[in-house]
Amino acid sequence: MRVLLIKTSSLGDVIHTLPALTDALEAIPGIRFDWVVEEGFAEIPVWHPAVAEVIPVAIRRWRKSPLKTLRSGEWQRFRQRLHKHSYDLVIDAQGLFKSAVLTLGLKVPVAGLDRRSAREPLASRFYDKRIAVPRDQHAVERVRQLFAQALGYRLPARVGDYGLDRAWIAGEQSGADYLVFLHGTTWVTKHWPELYWRQLAELASARGFQVKLPWGNDAEKARAERIAQGLEGVQVLPKLPLAGVATLLAGARACVAVDTGLGHLAAALDVPTLSLYGPTNPGWSGAYGRGQVHLASDFPCAPCMSRKCKYEPTREDARQFDLRQELPLCFTRLQPERVMAELQALVGSGV
């Protein structure tokens, strides 16, 4: 059986799809998936044994220059690749209008979330098989349920398995002894204060831990350099491609992360990870897997699920906290000393 899978982005969403592939391969031996994914994440699907081909798509880039995309022939070549093989089924696991449009013209049954389950209800109009999946649960479980219903098998009663070979991905890093601090994320509100990262690095260094700091852009590099400045054993890494970051994570003893796609990658690689949540809800999209510890703020307005902090600090807040360095205030409930204690417990547990 050959299935065309559409799950284009983001990094976390792509990673959350992997356990569903493991379920399907276990239930239907020999099943193979061709995966349509954003070009920036195209390295990930090839790590899973159920994936036959990866079909990169560049929706993010194409939307900026649609005429250039058409004239260059990129769109036509992409469509040709979709028609290269005969498929038994198409699964749109994204549930968005942009992903549903990619199924147009494919003379194959298309399965996807129904209008009450999809993030964008309009997408369900493009599907032949509309599947109801309750929304108030973790993203990994939602995708697993979608696949099970679309392909007609009973969902295994166990924690989802990403199906990745950590030792193979770690390569020469396998068995190394270091921590990784994943300090970069997208929303401003999801950033643990830089002051706290510096204090955590000081605590880790004082306890003899080796810490590695990856980065993905100039702002993250500058922050990493400030965090590491003058601290023995705290290293700012050179810029790494996604595969290089995966190798780094796979070899780590443990990670500390904010709510970021790389935190989900660490979870997929079965790396013990302590994840910090302020405005977001780990019950819906937290790092999923074995050895994953979530520290969620119990600040009165958390989780707000907002990209912009709407909390107005009080006079008491101003007396208690440094409002220049400790924003958003929801993270003041997750102080570095508490994080260090949880990290030591995680590392010492031998998970």
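Strand β1 (residues 2-6) and strand β2 (residues 32-38) pair in the parallel sense over 5 bridges, where strands are DSSP runs of E of at least two residues, helices are runs of H or I of at least four residues, and both are numbered from the N terminus. Two strands are taken to pair if DSSP finds at least two bridges between them. Within this pair, Leu-4 stands opposite Asp-34 in β2. The model is a predicted one, in which local features need pLDDT of at least 70 and side-chain atom pairs count only at pLDDT 80 or more, while totals for chains, interfaces and linings use all residues. Residues are numbered from 1 along each chain as its sequence is written, and side-chain values use heavy atoms, with hydrogens and water left out.

The pair β1 and β2 belongs to an open sheet of 6 strands, paired in parallel, whose order is β3-β2-β1-β4-β5-β6. Its edges are formed by β3 (51-57) and β6 (129-131), each of which pairs on one side only, and the twist from one strand to the next averages 20 degrees. Helix α1 (residues 11-27) packs on this sheet, touching β1, β2 and β3, and its direction makes about 175 degrees with that of β2; contact here means heavy atoms within 4.5 Å, and angles run from 0 to 180 degrees between N-to-C directions, with axes being lines fitted to C-alpha atoms, for helices over the stretch in contact. Helix α4 (residues 74-82) also touches β1, β2 and β3, and its direction makes about 160 degrees with that of β3.

Strand β8 (residues 211-213) is joined to β9 by 3 bridges, the two running parallel, and Leu-213 stands opposite Val-236 in β9.

The spaces within the model come next. On a 1 Å grid over the protein atoms alone, a cavity is a set of points where a 1.4 Å probe fits but cannot get out, a pocket is an open set with protein on both sides within 12 Å along at least five of seven lines, and lining residues have an atom within 4 Å of a point. There is 1 cavity of 30 Å³ or more, and the largest cavity holds about 30 Å³ of space. Its lining consists of Val-258, Asp-259, Thr-260, Gly-263, His-264, Ser-275, Tyr-277 and Ala-287, with α11 (261-268) and β11 (273-277) being the elements that give two or more residues.

The second largest pocket holds about 180 Å³ and is lined by Ile-59, Trp-62, Arg-63, Pro-66, Trp-75, Phe-97, Lys-98, Val-101 and Leu-102. Helices α2 (59-62) and α5 (97-101) each give two or more residues to this lining, and the largest share, 3 residues, comes from α5.

Taken as a whole, the protein chain has 14 helices and 12 strands. Its radius of gyration is 21 Å, close to the 20 Å that the globule rule gives for 351 residues, so the chain is as compact as a globular protein of that length; the radius is taken over C-alpha atoms, and the rule is 2.2 Å times the number of residues to the power 0.38.

Note on methods
Points joined across faces, edges and corners; volume = space filled by probe spheres on them.
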